[in-house]
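I am opening a notebook page on a structure that is new to me. The entries below keep what I looked up, in the order I looked.

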Amino acid sequence: MDPITQGAIGAIVATAVAPAKRVRLAAFVGWAGGMLADADIFIRSASDPLLNIEYHRHFSHSLLFIPVGALICAAFVWMFVRKRFSFREIYLYSFLGYSTAGLLDACTSYGTQLLWPFSNARIAWNIVSVVDPVFTVSILGLIAFGFAKRQAKVSWIACGFALAYLLFGVAQNRQADGVLKTLAESRGHEAANRFTVKPSIGNLALWRGIYEFEGLYYVDAIRVNYIGSGTRIYPGGVVEKVDLGNLKQALAVDSVLSKDLDRFHWFSDEYLAWHPERSKMIGDARYAVLPTSTIPLWGIEVDVDNENRHAPFINLRKTNKDTIDQLWKMIRGKDL
């Protein structure tokens with residue numbers, strides 16, 4: 001999730017086990033531990049545009065790396081507080097904070113390599129948005145109260161809220177998945193496969209649903225039951241799936257572009273689709289500004305005539321007032 005939420009979750013887990021006189025220390029160290037895993041965003045290369053997305057949520061988010069990441073965090077913090085606190089204590093809070101990073105990120109849809117180095121699978125449970133103000137603000141409020149009062153029991157309340165919110169995300173995910181499968185059947189797409197639902201930005205009410213049928217990806221927005229209101233479907237678009245094997249036939253097996261296509265295929269969980277308006281661009285069909293849109297948030301530009309040049313990575317995160325208004329209407333279940 002976003003760095004603030006990562007730090008906040010690390011802080012509440014660390015303070016939950018801290019004595020009253022150490023609540024503030026635990027909050028600070030746990031926060032640092034929760035954020036440290038995302039230092040992998042600094043792994044990048046000017047000559048290789050895909051290096052950054054390849055290594056974000058990579059080894060630093062692995063369950064096996066937790067003791068090492070916690071050690072790095074503790075060593076840094078201890079340099080400044082070694083005259084007042086033991087390294088053992090600092091390491092405990094660092095370990096608890098750092099241990100939340102990969103698990104929390106796996107709750108989103110981006111993909112996290114929890115099992116590295118035994119597997120490079122990008123685990124994504126799709127139960128919470130990368131940015132969710134309700135989740136984050138609630139946790140921050142409880143942290144602030146517990147910090148001011150030096151009460152670890154507030155952290156237990158915050159942990160309970162976080163767990164309950166994520167479990168609610170599981171329930172919403174299952175409901176949206178059921179609606180999407182019913183929708184596919186109603187269209188005569190009984191043979192459809194690869195059903196995926198993911199929460200739209202900032203909420204657990206509106207979900208982006210994707211499924212594959214006969215070489216096409218069907219995209220729809222599903223507004224599920226939420227605080228007493230009903231389910232509603234907002235029909236989206238259809239986009240052509242990339243036939244990666246056919247595309248790579250024109251390329252040398254060991255060419256730079258061929259390898260980049262494989263890397264982006266892995267990164268996007270194999271959801272490669274041709275951009276509907278840019279003939280040379282392949283997008284990650286999982287993401288769009290609006291959950292009904294087939295315009296991807298990002299993608300790579302493919303030039304088969306320059307197969308020994310890295311594919312440029314292109315961000316298309318453009319929003320305007322009309323887009324925000326449409327998103328807000330769908331979140332509330334209103335007519336567009």
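In which sense do strand β1 and β2 pair, and over how many bridges? I found that β1 (residues 193-199) and β2 pair in the antiparallel sense over 5 bridges, where strands are DSSP runs of E with at least two residues and helices are runs of H or I with at least four, numbered from the N terminus, and two strands pair if DSSP finds at least two bridges between them.

Before going on, I note that this is a predicted model, in which local features need pLDDT of at least 70, side-chain atom pairs count only at pLDDT 80 or more, and totals for chains, interfaces and linings use all residues. Residues are numbered from 1 along each chain as its sequence is written, and side-chain values use heavy atoms, with hydrogens and water left out.

**Entry on β2**

I looked at the hairpin of β1 and β2, which has 6 residues between the strands, and Gly 202 in its turn has a positive phi of about 80°. Val 197 has Gly 209 in β2 as its bridge partner. On to β3 (residues 216-223): it pairs with β2 in the antiparallel sense over 8 bridges, and there Ile 210 stands opposite Val 219. Between β2 and β3 the hairpin has 2 residues, and Glu 214 takes a positive phi near 50°.

I then checked how covered β2 (residues 206-213) is, and 8 of its 8 residues are buried, buried being under 20% relative accessible area with a 1.4 Å probe and protein chains only. In a regular strand the side chains alternate between the two faces of the sheet. In β2, Leu 206, Arg 208, Ile 210 and Glu 212 point one way, while Trp 207, Gly 209, Tyr 211 and Phe 213 point the other way.

**Entry on the open sheet**

I traced an open sheet of 4 strands in the order β5-β6-β7-β8, with antiparallel pairing. β5 (272-274) and β8 (313-315) stand at the edges with a single partner strand each, so one side of each is left without a neighbour in the sheet. Inside the sheet, β6 (residues 281-284) and β7 (residues 298-301) pair over 3 bridges, and Ile 282 has Ile 300 in β7 as its bridge partner.

**Entry on the pocket linings**

Which helix gives the most to the lining of the second largest pocket? I found that α7 does, with 6 residues. For the largest pocket, the largest share of the lining, 3 residues, comes from α10.

Terms used
Buried means under 20% relative accessible area, exposed over 50%, partly exposed in between (1.4 Å probe, protein chains only).
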